[in-house]
Amino acid sequence: MFDTALTFNDLLFMLKGAGVTLSVTAFAVVGGTLLGVFFGVLRSQISPWAALPLTFVLDIFRSVPLLIQLILANAFQAIAGWGISPFVTSCIVLALYTSAYCTEIVRGAIEAVPSVTRRAARSLGMTWGQDLTQIVFPMALRVGLPSWIGLTLGVMKDSALVMWLGIIELLRASQILVTRLQEPMFILLVTGAIYFALSFPIARLGSRLEKRWQEND
Amino acid sequence: MGNYTFQWRQAFRAFPEMLEGALVTLQISILSMLIGVTIAVLLAVGRDAKSRWLRAPATAWVEVARNTPALFQIYMAHFGLGSFGIYLSPYAALLAGIAFNNAGYLCETFRGAMRAIPGTQLRAGRSLGMGQAKAFRLIILPQMFRISFLPTTNQMIWAILMTSLGVTVGLNSDLAGVTQDLNARSFRTFEFFALAAVIYYVIAKAVMLGARLLAARLFRY
């Protein structure tokens, strides 16, 4: 099994795929987080009834398989004649997918800030905006950051699905090599090791942050 | 909007076929959850065991399941095991992959739930004359399932969504697979997959609602 035909160039090919995985993830997480923070603040500020349409739409992204979302988006952009590349389509879909989860995290984190703290801020003469940026955000960040790290890692793992649209990311790159070299186990093990190396340290960091911040409460 | 004419009738005509696929999807996700919960309980016990030989494999399982993509795990079952002469059908590979994934995530859920149960309860059980296994089964397990019921429901939803990955290893009997087959015949991608998305949504919501009702029925005092 370890007598492999995998050359250094093949390994570079896989690492290039890992680079694509990371860049899709980066675009999706940045876009999704910006949207998610906006939606999350919106949802925690307006009444649940007024937020119902937004809640419903975001819930769709969490209740339909990502693969189906990608296929639908790609078919739709073809029908509409926009001519967007699969890469951009995947980034948009993943960003919306991320934003749906991020909204829940942000909303939960904001609601975890005691309302008396916020009222105290307002009665000290802070404006609504000051209260939000100086009081709520720093406190909510501690609650939300560990889950946000988890979400980022989740999106990185889910980004493997963009290969269905023909993008050569890490897993697709490994499939191409498997087809050529016929060594599925070894190549998949290398692929898994790369994913693990990307994900595990950050996951550890997340759980450590969570633990440390809980102790200080 | 280009010059595309939507053909919904074709999709609606295939509706019964897709519903049959939805049943397979449900079947896979329920089986994967049953296997996943069983293994997760064993893993949760193993991870907190005193023996290193129990702890190491359980930890490895959980970390691999949580730090690699579900699709990778399914590929491992479908293509990877071939190197050892084990050839799984797409159905079995998908089931194995999702069950592996479920077990890893549920193990952590269960461990968290177990930590919420006071240790004195187990000792109380022991001092009433129960053996370790009996006390675990009668005192810890029921409470653990109760505490972790909602996260477990979420994992069930995840399992349903993950079954759509079967199409990437060539499964053509579940909802995504049936839809892909229909799509390959007519190229009405948007119509068919839009209908599939609606079915997935309804299944996910129905399972969620069912779990809520079940929880209200089971866990009232």
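How far apart are the end C-alpha atoms of residues 78–97 of chain A, and how much of the span is helix? Select that stretch and check: the ends sit 20 Å apart, and the span is 75% helix and 0% strand. Keep in mind throughout that you're looking at a predicted model.

**Stop 1: the annotated spans in chain A.** Residues 78–97 are one of the spans that the unreviewed UniProt entry labels "transmembrane region"; the others listed for chain A are 20–42, 49–72 and 184–203. Pick 49–72 next: here the end C-alpha atoms are 29 Å apart, with 79% helix and 0% strand. Now widen the selection to residues 18–206 of chain A, which the unreviewed UniProt entry annotates as "domain: ABC transmembrane type-1". That stretch comes out as 83% helix and 0% strand, and its end C-alpha atoms lie 22 Å apart.

**Stop 2: chain A as a whole.** The C-alpha trace spans about 70 × 50 × 25 Å along its principal axes. Of the 217 residues in the chain, 40% are buried. If you draw the contacts with a separation of 6 or more, 78% of them link residues 24 or more positions apart.

Colour by confidence while you're here. The mean pLDDT of chain A is 91, and 98% of its residues reach 70 or more. Helix α4 (residues 86–111) of chain A has the highest confidence, at 95, while α8(A) has the lowest, at a mean of 88.

Stop 3: Zoom in on A:Gln182. This residue isn't a glycine, yet its phi is positive, at about 55°. You'll find A:Gln182 in the loop between α7 (170–181) and α8 (184–216) of chain A. Is A:Gln182 buried or exposed? A:Gln182 counts as exposed, because it has 11 C-beta neighbours inside 10 Å and the cut-off for exposed is 12 or fewer.

**Stop 4: a positive phi in chain B.** Hop over to B:Phe187, another non-glycine with a positive phi, this one about 60°. B:Phe187 sits in the loop between α9 (175–186) and α10 of chain B. With 10 other C-beta atoms within 10 Å, B:Phe187 is exposed.

**Stop 5: where the chains meet.** Show both chains and select the residues in contact: 32 from chain B against 31 from chain A. On the chain B side, α3 (52–67), α4 (70–78) and α10 (189–218) each supply at least two residues. Which of the elements gives the largest share of that side? That's α10(B), with 10 residues. Colour the chain B side by class and you get 20 nonpolar, nine polar and three charged residues.

**Stop 6: the largest nonpolar core.** Last, look inside. This core has 117 residues, and the members touching the most others are B:Ala40, B:Leu94, B:Ala103 and B:Ala196. Helix α5 (residues 90–115) of chain B gives the most to the core, with 14 residues. Centre on B:Ala40 to finish: setting aside neighbours within four places in sequence, B:Ala40 is in contact with B:Ala103, B:Leu106, B:Cys107 and B:Phe110.

Key:
Residues numbered from 1 in each chain as written. Chains lettered and ligands numbered in written order. Predicted model: local features only at pLDDT ≥ 70, side-chain atom pairs only at ≥ 80, totals over all residues. UniProt positions renumbered as here; feature names shortened; annotations may be inferred. Helix = DSSP H or I, 4+ residues; strand = E, 2+ residues; numbered from the N terminus. Buried ≥ 20, exposed ≤ 12 C-beta atoms within 10 Å, placed from the backbone. Contact = placed C-beta atoms within 7 Å. Nonpolar A, V, L, I, M, F, W, Y, C, P; charged D, E, K, R; others polar. Core = buried A, V, L, I, M, F, W, Y, C linked by C-beta atoms within 7 Å. pLDDT = per-residue confidence, 0-100.
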